[in-house]
Amino acid sequence: MRGLVFLGEDHINLREVPVPRAGHGEVVIRVTLTTICGTDLHIVRGEYPVKPGLILGHEPVGVIHEIGPGVTGYEVGKRVLVGAITPCGQCNLCLSGTWSQCGGSIGGWRFGNTIDGAQAEYLRVPYA
Ligand SMILES: [Zn+2]
Ligand SMILES: [Zn+2]
């Protein structure tokens, strides 16, 4: 698949990368539309630290392509919107119902920040 890879300040490149696979609790979506957020511009300008080598982007919509074990309530082909914040379901904020505020060590803003993001043909979504 093609993915827009951050390679360092002022350096991005559309590259061929492997299609991700869905692990336990994860789905993979085929991205049909995504944004270029101001945060992405900050990353590219070197104003927000992101490890080079990650695919940028954190605001996608798409269609479920693969469902990993343990995920219920979805089916392949269903249209979905994926939030920029990936709630872990385990931190105090998630447990109090404020999922969008998740900032736990394993949740929070991850796409294009700590894991591959959405400016690609497919996206692996944890805690699906
Ligand atoms: Zn954003
Ligand atoms: Zn959380």
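**A chat about the zinc site, core and bridges**

Author: Let me start with a cysteine: Cys 88 is buried, with a relative accessible area of 8%. Keep in mind that this is a predicted model.

Reader: Thanks! And is Cys 91 buried or exposed?

Author: Cys 91 is buried too, at a relative accessible area of 15%.

Reader: How many disulfides does the structure hold?

Author: Zero disulfides.

Reader: OK, on to the metal. Which residues are the protein donors of the zinc ion?

Author: For the zinc ion (ligand 1) they are Cys 37 through SG, His 58 through NE2 and Glu 59 through OE. These donors lie 2.0 to 2.3 Å from the zinc ion.

Reader: What spacing do they follow along the chain?

Author: The donors of the zinc ion follow C-x20-H-E. Cys 37 lies in the loop between E3 and helix H1 (38–44), and Glu 59 in the loop between H1 and E4, so the pair ties together parts that are 22 residues apart in sequence.

Reader: Nice. Is Cys 37 buried or exposed?

Author: Cys 37 is buried, with a relative accessible area of 17%. Glu 59, on the other hand, counts as partly exposed at 29% relative accessibility.

Reader: Changing topic: how many salt bridges are there?

Author: The count comes to three salt bridges. One of them joins Arg 2 and Glu 121, with the closest N and O atoms 3.5 Å apart. That pair links distant parts of the chain, 119 residues apart: Arg 2 sits in strand E1 (residues 2–8) and Glu 121 in the loop between strand E7 (108–109) and strand E8 (122–125).

Reader: How accessible are Arg 2 and Glu 121?

Author: Arg 2 is partly exposed, at a relative accessible area of 45%. Glu 121 also counts as partly exposed, at 29%.

Reader: And which residue forms a salt bridge with Glu 66?

Author: Arg 21 does, and the closest N and O atoms are 2.8 Å apart. Here too the pair links distant parts of the chain: Glu 66 is in strand E4 (residues 60–67), while Arg 21 is in the loop between strand E2 (11–16) and strand E3 (27–34), 45 residues apart.

Reader: So what about burial for Glu 66 and Arg 21?

Author: Glu 66 counts as buried at 16% relative accessibility, whereas Arg 21 counts as exposed at 60%.

Reader: Which side chain does Glu 26 meet in a salt bridge?

Author: The side chain of Arg 124, at 2.5 Å from N to O. Glu 26 lies in the loop between E2 and E3 and Arg 124 in strand E8, so this bridge ties together parts that are 98 residues apart in sequence. Glu 26 counts as buried at 13% relative accessibility, and Arg 124 as partly exposed at 26%.

Reader: What else is in that loop between E2 and E3?

Author: Gly 25 is found there, and this glycine counts as buried at 16% relative accessibility.

Reader: What is Gly 25 in contact with, beyond its sequence neighbours?

Author: Leaving aside neighbours within four places in sequence, Gly 25 is in contact with Pro 69, Val 71, Val 125, Pro 126, Tyr 127 and Ala 128. The C-alpha atoms of Gly 25 and Gly 70 are separated by 5.1 Å, although the two glycines are 45 residues apart along the chain.

Reader: Let's go inside. Which residues make up the largest nonpolar core?

Author: The core has 12 residues in all: Val 27, Ile 29, Val 31, Ile 64, Val 71, Val 80, Val 82, Phe 111, Ile 115, Ala 118, Leu 123 and Val 125. E3 and E8 are the elements that give two or more residues to this core, and the largest share, three residues, comes from E3.

Reader: Pick one of those. What does Val 80 contact?

Author: Apart from neighbours within four places in sequence, Val 80 is in contact with Ile 29, Val 61, Gly 62, Ile 64 and Tyr 74.

Reader: Last topic, aromatics. How many aromatic pairs are there?

Author: The structure holds one aromatic pair. Tyr 48 and Trp 109 form it, tilted, at 5.1 Å centre to centre with 45° between the planes.

How values were computed:
Residues are numbered from 1 along each chain as its sequence is written. Chains are lettered from A and ligands numbered from 1 in the order in which they are written. This is a predicted model: local features need pLDDT of at least 70, side-chain atom pairs count only at pLDDT 80 or more; totals for chains, interfaces and linings use all residues. Side-chain values use heavy atoms; hydrogens and water are left out. A salt bridge is a side-chain nitrogen of Lys or Arg within 4 Å of a carboxyl oxygen of Asp or Glu. Helices (H or I, at least four residues) and strands (E, at least two) are DSSP runs, numbered from the N terminus. Buried means under 20% relative accessible area, exposed over 50%, partly exposed in between (1.4 Å probe, protein chains only). Donors are N, O and S atoms within 2.8 Å of the metal (3.2 Å for Na, K and Ca); water is not among the atoms, so sites may look incomplete. A nonpolar core is a set of buried Ala, Val, Leu, Ile, Met, Phe, Trp, Tyr and Cys residues joined through side-chain atoms within 4.5 Å. Contact means heavy atoms within 4.5 Å. A disulfide is a pair of cysteine sulfur atoms within 2.5 Å. Rings of Phe, Tyr and Trp (its six-membered ring) pair if their centres lie within 6.5 Å; planes under 30 degrees apart count as stacked, over 60 as edge-to-face and the rest as tilted.
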